[in-house]
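I opened this entry to look up the ligand surroundings, the metal site and the aromatic pairs. My notes follow in that order.

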Amino acid sequence: MKSRAAICFGVNEPWKIEEIDIDEPHAGEVKVRMVWSGMCHSDEHLRTGEISAPLETLQAFGVDSMYPIVGGHEGSGIVESVGDNVSTLAPGDKVAVAFIPACGTCFYCASGRQHLCDMGMFTLAGPMMSDFTWRHHLGGENLNRMAQLGTFSETLVVNEASLVKISPEANLKAAALISCGISTGFGSVVDRAKTVPGEVVVVVGCGGVGSGAIQGARIAGARAVIAVDPVELKRSKALEVGATHAYSSLDEAVFEVAQITQGRMADVVVLTPGRLTAEFTGKAQQIGGKDARIVITSIAPFDQGTIDLNLFNFAMFNQALLGTVFGSASPRNQVPRLLSLFEKGDLKIDEIITREYDLDGVQQGYEDLEHGLNVRGIVKISDG
Ligand SMILES: NC(=O)c1ccc[n+]([C@@H]2O[C@H](COP(=O)([O-])OP(=O)(O)OC[C@H]3O[C@@H](n4cnc5c(N)ncnc54)[C@H](O)[C@@H]3O)[C@@H](O)[C@H]2O)c1
Ligand SMILES: [Zn+2]
Ligand SMILES: [Zn+2]
């Protein structure tokens, strides 16, 4: 069948809308009509070449490049049809996507860590996980898909493991943002840093992921949530969704944190800027106190191998540096959990959606993000 989709043809090429061909689902695969797709920063990393599987890995899957690739990995939709042996989904089911698939039976899934599922090794590979062939084509050429998804498309064919079934009443717009950005930020604070009531949390970078982190801190009972972002719009939205203070840089925020903690400094520092560089860790360490948990959520260029850290202080202050993927929680648990907090009114999502686009607006949306105009942009693909 035909589907309009946003494709990137090479490093730093703009997103272009093409009419592509999508095959029917093979065994273990599901066809989804997309309704909403959020505009996470990770697709911009993909476009600029900062997210890439090593060449040897790509070649093992029979490709030399990530491109051409269908973009998007944050979204929601409705199941249209299922291939053979699909047991958990049926036509008409509402779904959110999972950028790390969850098979349910590997060592990590079986021990409650679906975000570490062994099928995650295919996330940056080109072909389908089921049989290593392609379902998406443009004029005879095979198309890869961001995170085995490619949500900037009217239709998806994905592995069953890449979908989270949500309730028939679920709000698909909220589910789209929960499927990556909100869950990742929320989990960074709640599930990874294990923030407890009364702690002081600093969130560095207040876009879609940072907005989830700020709300995780508020809901976990942090006594102060310090938002850091150079863009005024982001700071004002941060205050609207739960930050207690907002500063344009860590250098400015450090005095406030010293004051509100009587010099003890922050318990949790979450790094969610659009692009991580080495100096963020050094500054995060300085604003963190004894026993601080510093969480690295942002994506750095894939070959970034060094960080700034005072190792003497790191040991003597008993600090911890923690990486996180998807906020260190299982998608099939976290997505329904956060949807229920949204339904209850505790989790603010509509407030952070600053602009809606159609598929033709994907490139414009990423330019708007670059210019500081969006907390989260969202693409409306079809009626829910
Ligand atoms: N670990 C994961 O599983 C995971 C999942 C999703 C996204 N990510 C990554 O998380 C990061 C954030 O994603 P996003 O979609 O929220 O991006 P975003 O672009 O929406 O937000 C990033 C924010 O950082 C701010 N910023 C830029 N420079 C800054 C600085 N020096 N100090 C403080 N703030 C600064 C920007 O103004 C912006 O508001 C990206 O790197 C993304 O790729 C990681
Ligand atoms: Zn994302
Ligand atoms: Zn698994």
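**Ligand 1.** I am working from a predicted model. I started with the residues around ligand 1. There are 31 of them, and those that come nearest are His41, Ser42, Asp229, Gly274 and Arg376.

Next I looked up polar contacts. Arginine 376 has a side-chain N or O atom 2.7 Å from an oxygen atom of ligand 1. Threonine 297 uses its backbone instead: a polar atom there sits 2.8 Å from a nitrogen atom of the ligand. For histidine 45, I noted 3.0 Å between an N or O atom of the side chain and an oxygen atom of ligand 1.

How much of the accessible area of ligand 1 does the protein cover? I read 86% of the 860 Å² that the ligand has on its own. I then checked which elements give two or more residues to the shell. They are helix H1 (42-47), helix H4 (172-192) and helix H5 (208-220). Sorted by class, the shell holds 16 nonpolar, 12 polar and 3 charged residues.

**Zinc ion.** I moved on to ligand 2, the zinc ion. Which atoms coordinate it? I found SG of Cys40, NE2 of His73 and SG of Cys180, at 2.0 to 2.3 Å. Along the chain, these donors follow the spacing C-x32-H-x106-C.

Cysteine 40 is in the loop between strand E3 (29-38) and H1. Histidine 73 is in the loop between strand E4 (69-70) and strand E5 (75-82). The two are 33 residues apart, so this pair links distant parts of the chain.

**Aromatic pairs.** I counted 5 aromatic pairs. I took a look at phenylalanine 107 and tyrosine 108. Their ring centres are 5.1 Å apart. Why is the pair edge-to-face? Its planes stand at 90 degrees, and over 60 counts as edge-to-face.

I also checked the exposure of both partners. Phenylalanine 107 has a relative accessible area of 56%, which means it is exposed, the cut-off being over 50%. Tyrosine 108 has 28% and is partly exposed.

Trp15, Phe152 and Tyr366 form one.

Methods:
Residues numbered from 1 in each chain as written. Chains lettered and ligands numbered in written order. Predicted model: local features only at pLDDT ≥ 70, side-chain atom pairs only at ≥ 80, totals over all residues. Heavy atoms only, no water. Near = heavy atom within 4 Å. Polar contact = N/O pair within 3.5 Å; in protein donor to acceptor, adjacent residues only side chain to side chain. Areas by Shrake-Rupley, 256 points an atom, 1.4 Å probe, with all protein chains shown as cover. Helix = DSSP H or I, 4+ residues; strand = E, 2+ residues; numbered from the N terminus. Nonpolar A, V, L, I, M, F, W, Y, C, P; charged D, E, K, R; others polar. Phe/Tyr/Trp six-rings, centres within 6.5 Å; stacked < 30°, edge-to-face > 60°. Buried < 20%, exposed > 50% of the residue type's maximum accessible area, 1.4 Å probe, protein only. Donors = N, O, S within 2.8 Å, 3.2 Å for Na, K, Ca; no water.
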